[in-house]
Amino acid sequence: MIKRFTPVLIMLVGCCTCWMAGCANVKDLQPPDGDQLPDSVVRIFNDAVPGAQQIVFKTLEKDWLYEVNYILNDRKGYAGLDTKQILRNSRMVSAQLPDSLKQFISALSLDNVTISELWEVEMPGQSKEYYSKCTWGTRDYMLRYIFQNTGSGKVYQALLLPYSKFYAGLGRGDLFRLPTKTQQILAGKKYGLGGGGVWVSGGDDDIYSLNVGPAPDSLTSYSMTFYKTGDILNAFPRDRQIYKTIDECPEGLRNYLRYNPPFSAFILNNGYKFVDSGASGYFLSLQSSLSSETTSLFFDGDFNVIFRTYNGSVKM
């Protein structure tokens, strides 16, 4: 299942990692802005990845979020962490996809998606996850792979999500961590923060997915998603305009689906238009009429695609 983002939280999760040659002495590897690394950040990383070399730390959000590029056993590695824990630790498996994955991807409705590299996520107590960095249009994505053994054979599943290096949760007391414009929008509505998180790209594509409302922990809460600039990306208010069929959608959405294969073979599960605080946009959840594939499309108010998500599987 794809994680819900606003109503269908994507997430989310490839921004190009900048590999910098560094010295293995962590004391010399301070962030380039001159900030001193908290001792806890250095200790957490050293405990999680003993033997790492060419370690380069970077402060993403001061006193909160950090990233580390490193080499371990001749393999590139990347970790995202806060001052308490590793949030994600990934290592490159290969620069090219194995033939089995190429065969799998060719059977999916992922036209015009450029895929490179295979990475694995290693977290204590969790099964390994695998993903690739890929590009669709002008945006970077993460293509997650899930492998399942069934009585009738092996099933490969793929989840396409906007790229993020890691996810950091937000609680009710973390309102101050939101972009300034987001805080102003919520204050103007007299909304509180019930929770949520930020999908961290390490660049300008960070996405904040939040539960907000006058009583954010109650049934009066709803989902809002923001860009790193603080502008609204998507909202899920109760007074949204609902679309139950493609014919009910505005012409701009219908034309996009009609002229962009493979979407012409998809039917509408649900969709809506939102208007909130001067922002507007559209969301469509689609189901293939030919297979079990599903996809979600997020549009701005002018019917331009912001990003998509995808979920498909093939028996190999």
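Helices (H or I, at least four residues) and strands (E, at least two) are DSSP runs, numbered from the N terminus. By that definition, the protein chain has four helices and 18 strands. The model is a predicted one, in which local features need pLDDT of at least 70, side-chain atom pairs count only at pLDDT 80 or more, and totals for chains, interfaces and linings use all residues. Residues are numbered from 1 along each chain as its sequence is written, and side-chain values use heavy atoms, with hydrogens and water left out.

Of the 316 residues in the protein chain, 50% count as buried, that is, under 20% relative accessible area with a 1.4 Å probe, protein chains only.

I turn now to strand S2, residues 65-72, where eight of the eight residues are buried. Leu65, Glu67, Asn69 and Ile71 point one way from S2, while Tyr66, Val68, Tyr70 and Leu72 point the other way. In a regular strand, side chains alternate between the two faces of the sheet.

Which strands pair with S2? Two strands pair if DSSP finds at least two bridges between them. Strand S1, residues 53-61, pairs with S2 in the antiparallel sense over six bridges, and lysine 58 has glutamate 67 of S2 as its bridge partner. Three residues separate S1 and S2 in their hairpin, and aspartate 63 in the turn has a positive phi of about 65°.

Strand S3, residues 75-81, is also antiparallel to S2, over seven bridges. Here valine 68 stands opposite alanine 79 of S3. This hairpin has two residues between its strands, and asparagine 73 takes a positive phi near 55°.
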